[in-house]
Protein chains: 2
Amino acid sequence: MKIAVDAMGGDFAPKEIIEGIELARDAYPDITFQLFGRTDQIKKYLHNDTRIQVVQADEVIEMGDEPVKAVRTKKQSSIVLAATAVKEGTADAFFSAGNTGAILAAGLFIVGRIKGIDRPGLTTTLPVINNQDHKNFVMIDVGANADTKVLNIYQYALMGKYYAQNVLKIDQPRIGLLNNGTEADKGDMNHRKVHDLLAADKDLNFIGNVESRELLNGVADVVVTDGFTGNAVLKSIEGTALSMLKLIKGSIMSGGVKSKMGAVMLKSTFGDIASSMDYSKYGGAVLLGVKAPVVKTHGASKAPTVKNTIGQIKDIIDSKMIPQLNDYVTDHAEELQQIKDSIKSNR
Amino acid sequence: MKIAVDAMGGDFAPKEIIEGIELARDAYPDITFQLFGRTDQIKKYLHNDTRIQVVQADEVIEMGDEPVKAVRTKKQSSIVLAATAVKEGTADAFFSAGNTGAILAAGLFIVGRIKGIDRPGLTTTLPVINNQDHKNFVMIDVGANADTKVLNIYQYALMGKYYAQNVLKIDQPRIGLLNNGTEADKGDMNHRKVHDLLAADKDLNFIGNVESRELLNGVADVVVTDGFTGNAVLKSIEGTALSMLKLIKGSIMSGGVKSKMGAVMLKSTFGDIASSMDYSKYGGAVLLGVKAPVVKTHGASKAPTVKNTIGQIKDIIDSKMIPQLNDYVTDHAEELQQIKDSIKSNR
């Protein structure tokens, strides 16, 4: 398989991206890479070009660029060229640590939607804490769309199911709708409609509404929500975890000798915690609903995270989840159209 | 001042409620209380009825009751009778640890809205972590309304400002709009409209959009958002904090002697953390936009939290924030109506 890589995106690009790709190349002998970016800069950091092709991209989409406009006008940017390689079939997946909006726009407009999926959704894998039976869960959408309709959230459940089944290897993923209470009639009118649509679909293991308080306890394997709420919840979880780690550190540092000795004795405990909360080990955020894997890792990613994310892309491709999702949507086109019509007539 | 108390609401009612009220009675000599509930049960736990009047309520609104219906039909419930005492002016504020929806409905339908406020919003005070300059912040709405319009969020900013100024004693509270990015054009169309309305209001110290990742860092003193997102974010923060505390505990318990010794040495650190994250010390959630303080504390509250919440109600009353908000809305009725009209004509 071949992965198209935006070598210029991310806070530590191109250095950490290239080092990560070299780690991935060494770990996965069946992957070849295309690195898009400024050839002279890339060559400075590339130690060994076995299975790594370097492709010149004259432009770079910066973090501050307006995403849709940038993808339309910077035709020679590393993001646009990498996504175009996927569209044209010379690469199987697209990876970047750059401007999130531009990656989503490139996924949507260049790689293209799966026919039958109205809006792709961005999904992230998060850890489950203190639960022997569950290790992690996915949340979709965490920010691809700010304006989300009933049909979109219904389709997120479908996509999330295929992801959890194939990539996280969860047999019958429990799907939960993020809501402000667990009762079936919670939330606004749209949430009630989504709830009823999901409950009526016999192909989905829908467990009802779930609250954000319970997510890290493993209440569901796939948590579906609109992109605005999903983004806010994801960032709340991140922010709270970071604040608590800082709080612990600050309290220890200001706590005198006894406190510092205690911290040394608890070193493995703190290691466990940091490792439990470090979801970069699960890779990046995946834009589901497009024709090939489009995966975005954190802007601050270093080489090991880049390598893990390539491993995740390999899992997505090996599992054939995208062709399977595509087949399901094609085979059920009629039912999906009926659902669409029923939402419209219900307005 | 006189506070009407629902003695029957909460997981540990009436015992912990009554014990908390006795603590508050002893702490605040200028408060008298009316306890609404089953007289025979209340009298079992009431040690000393100085400044505490017991009023019989034949019914109780249970946690599972449908809120609006319960408030309409259970006319003899402790919640309805306590709210009615406020409406009729025989009490100055209403306190309960019971069914949140019923408390909100009683606040809205019995105590009544301030004229000019379209929808009251529920506000919670949360701690700021690792920041010398800021101690806490308020978030509004955390769940009073699932369907929220542009005008409502604009009014939340107004109410939040008065609360932060008078109760948290923050001079010019920095008001932030919760959004999925900090740039002015982030979010859906409604968020952009709210952003522009807030930015145009010279009476508000609006600092722009804020992200949920930054809330505990003290990025704003008043965070305004729709009730659905606010509820999800609040519960994410709670859930993550709880999960991390459990994670630390679990790791220590399974970590052998060295780890347990370390934990003993770090006892004060863990005490600091628990205390920083314990926002029950800030009292309960306040329904802002109604004519008198309507305050809801956590269902699991014990006597000390009940006492703290009564202290918070005293601060609200002493600060005269409600009459001040009322005066502002009355004095600016014309401008507020213009804003309302401009939103309508912009649709």
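Visitor: What makes H8(B) oblique to H9(B)?
Guide: In this predicted model, helix H8 (residues 227-253) of chain B and helix H9 (residues 256-265) of chain B pack at an angle of about 135°, with their axes 8 Å apart. Axes are lines fitted to C-alpha atoms, for helices over the stretch in contact, and angles run from 0 to 180 degrees between N-to-C directions. Under 35 degrees counts as roughly parallel, over 145 as roughly antiparallel, 65 to 115 as roughly perpendicular, and the rest as oblique. The angle of about 135° therefore makes H8(B) oblique to H9(B).

Visitor: Which residues make that contact?
Guide: H8(B) brings B:Ser251, B:Ile252 and B:Met253, while H9(B) brings B:Gly256, B:Ser259, B:Lys260 and B:Ala263. Contact here means heavy atoms within 4.5 Å. The helices themselves are DSSP runs (H or I, at least four residues; strands are E, at least two), numbered from the N terminus.

Visitor: What classes of residue does the contact of H8(B) with H9(B) have?
Guide: There are 3 nonpolar, 3 polar and 1 charged residues. Ala, Val, Leu, Ile, Met, Phe, Trp, Tyr, Cys and Pro count as nonpolar, Asp, Glu, Lys and Arg as charged, and the others, Gly among them, as polar.

Visitor: How many residues of chain A are in contact with chain B?
Guide: 52 residues of chain A touch 52 residues of chain B. Together the chains bury about 4,500 Å², with 65% of it on carbon and sulfur atoms. Buried area is the accessible area (1.4 Å probe) that two parts lose on being put together, summed over both. On the chain A side, A:Arg213, A:Phe228 and A:Met265 lose the most area to chain B, together 16% of what that side buries.

Visitor: Why is the pair B:Arg213 and A:Glu238 called a salt bridge?
Guide: The rule asks for a side-chain nitrogen of Lys or Arg within 4 Å of a carboxyl oxygen of Asp or Glu. B:Arg213 and A:Glu238 sit at 2.2 Å, N to O, so the pair passes.

Visitor: What does the salt bridge of A:Lys340 and A:Asp118 tie together?
Guide: These side chains meet at 2.9 Å, N to O. A:Lys340 lies in helix H13 (residues 333-346) of chain A and A:Asp118 in the loop between helix H5 (100-111) and strand E5 (121-127), so the pair ties together parts that are 222 residues apart in sequence.

Visitor: Where is the cis peptide bond in chain A?
Guide: The bond runs from A:Ile140 to A:Asp141, with omega near 10°. A:Asp141 lies in the loop between strand E6 (136-140) and helix H6 (150-166) of chain A. In chain B, a cis peptide bond joins B:Ile140 and B:Asp141, with omega about 10°.

Visitor: How should I read the numbering and the values?
Guide: Residues are numbered from 1 along each chain as its sequence is written, and chains are lettered from A and ligands numbered from 1 in the order in which they are written. Because the model is predicted, local features need pLDDT of at least 70 and side-chain atom pairs count only at pLDDT 80 or more, while totals for chains, interfaces and linings use all residues; side-chain values use heavy atoms, with hydrogens and water left out.
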